[in-house]
Amino acid sequence: MEARVPKVFTGWSRSGGEASLSDVHRSVPVKGQSSVWRRAAAFVGPGYLVAVGYMDPGNWATSLAGGSKFGYALLVVALVSNIFAIVLQSLCARLAIASGRDLAQACRDAFPKPVAYVLWGLAEIAIIATDIAEVIGTAIGLNLIFGIPLEIGVLITALDVFLILYLQKLGFRWVEALVIALLAVIAACFVVQIALADPNWGDVIRGFAPTSEIVTNPEMLYLALGILGATVMPHNLYLHSGIVQTRDYGDSLPEKREALKFATIDSTVALMFALCINASILILAAATFNVAGQTEVAELGEVHSLLAPMLGLAIAPTLFGIALLCCGINSTVTATLAGQIVMEGFLDIKLAPWLRRLITRGIAIVPAAGVTIWFGQSGTAQLLILTQVVLSLQLSFAVFPLVMFTADKTKMGDLVAPKWLIALAVLIAVVIAALNVKLLMDFVF
């Protein structure tokens, strides 16, 4: 029997269609668990898939540039960006659990068709931009470790469609296990690299304190905006609101409240882990390149070649390449899932799972492969920057509907977001929109 979204509240103009990620919808048991700890443990996983998007290869470029040029000063920007992310991702979980819809389905069921189609088009552009950055990151990782040409590396990344299909056949927990295992490898690589770099920990701690120079120094402000713009990504908002519904948490209000609590804890802990990785990238750049006077480092390949002479060990660049490859694989897996959620949610299409994934992957990877083959390695840095600008431009079209829906009691019922949370979310949405407009204007002019 097909899982379908129930018409929970009257605030929606449409009753809903097929459930989000219907082939794995409510496939992870929760309500049958007698222990609170077991129920909490059942929610561990989706947050880490979301966290992947906050440390993708596009983030690496901005963090490396910030660390090499300004040392530890921009760590505070990574911290603020992470706080923004925690608030927005908690709203995604709230929307999914309260309404039984992911963000794409909510847009389809709340807005007139022309508006929904425009939002779908913008979301697809964001998915493509995300995937370009992630495909390039994976291809560079394969090139750095195995010497595989970028063009072939890009095509190899298409195989993740079959990996996801195989793992989801075993159960969605296997997808989460793969992502968490690769995150553990990334963390281990950076622990070793940071230990080798031996940063000044006093300066690191001071880097998390705000400084007026970020606003007064135009070059520092530009990089700060880049870090913020590259951190909160549109596809993550769609992704989280879909994968939370893989949990079978029940339909009563107490069960939903408990689900919201556990899902928020999961995403918050996972995003703090993402902050540690992003901060590690910036700290590594500051402790090696900035200290040595190399202040213009942003190319991922350039970092790989410079680490060995600076840290004195040949293993350092290999660890960097492994971390980048794991990050790229993780990012393409989560972007493919987000692509499926966006296409199914906005269009309410019914296709076989393998065909749906093939189409959504094709929409993203064909432009990525074409651009990479056309420009080659010399164009990857500019391409990464361009993808971050495109994502910055798209972000508000996902954030503002999310805040609108979760503030509406007719849509959310008793799980409507409290006023203080909505006030904070509105402030974050306005700040992100204003900063991203400035980032775009700086890029154009």
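**A tour from the surface to the core**

Select Ile152, Ile156, Leu159, Phe162, Trp354 and Leu358: together they make a nonpolar surface patch of about 610 Å². A patch here joins residues with over 30% relative accessible area and no salt bridge; nonpolar side chains (Val, Leu, Ile, Met, Phe, Trp, Tyr) are joined within 5 Å, like charges within 9 Å. A salt bridge is a side-chain nitrogen of Lys or Arg within 4 Å of a carboxyl oxygen of Asp or Glu. Accessible areas come from the Shrake-Rupley method with a 1.4 Å probe, and for residues only the protein chains shown count as cover.

This is a predicted model: local features need pLDDT of at least 70, side-chain atom pairs count only at pLDDT 80 or more, and totals for chains, interfaces and linings use all residues. Residues are numbered from 1 along each chain as its sequence is written, and side-chain values use heavy atoms, with hydrogens and water left out.

**Around the patch**

Colour α7 (150-156) and α17 (353-375): each supplies at least two residues of the patch. Helices (H or I, at least four residues) and strands (E, at least two) are DSSP runs, numbered from the N terminus. Now pick Leu159, in the loop between α7 and α8. Leu159 counts as exposed, at 51% relative accessibility. Exposed means over 50% relative accessible area, buried under 20%, and partly exposed in between (1.4 Å probe, protein chains only).

**Helix α8**

Move on to α8, residues 160-170. Which of its residues are buried? They are Asp160, Val161, Ile164, Leu167 and Gln168. Look down the axis of α8: these buried residues fall within an arc of 135 degrees, so they line one face of the helix. The arc is that of the directions from the helix axis to the C-beta atoms. On the face turned away from the buried side, find the exposed Phe162, Tyr166 and Lys169. Just after α8, Gly171 takes a positive phi of about 135 degrees.

**Into the core**

Next, show Trp60, Leu74, Leu103 and Tyr238. Of the 133 residues in the largest nonpolar core, these four touch the most other members. Helix α14 (residues 253-290) gives this core its largest share, 17 residues. A nonpolar core is a set of buried Ala, Val, Leu, Ile, Met, Phe, Trp, Tyr and Cys residues joined through side-chain atoms within 4.5 Å.

Zoom in on Leu103. Leaving aside neighbours within four places in sequence, Leu103 is in contact (heavy atoms within 4.5 Å) with Leu95, Leu237, Tyr238, Ser241, Ala398, Leu402 and Phe405.

Step across to Ser241, in helix α13 (residues 234-243). Ser241 is buried, with a relative accessible area of 0%. Not counting residues up to four places away, Ser241 touches Cys92, Ala96, Arg101, Asp102 and Leu103.

**Gln394**

Select Gln394 in helix α18 (residues 380-406). Is Gln394 buried or exposed? At 7% relative accessibility, Gln394 is buried.

**Two positive phi angles**

Find Arg26, in the segment before β1 (28-29). Phi of Arg26 is near 50 degrees, a positive value in a residue other than glycine. Then find Asp198, in the loop between α9 (172-197) and α10 (201-207). Phi of Asp198 is also near 50 degrees. Arg26 is partly exposed, at 23%, and Asp198 is exposed, at 59%.

**Zoom out**

The chain has 20 helices and 2 strands. Buried residues make up 58% of its 445 residues.
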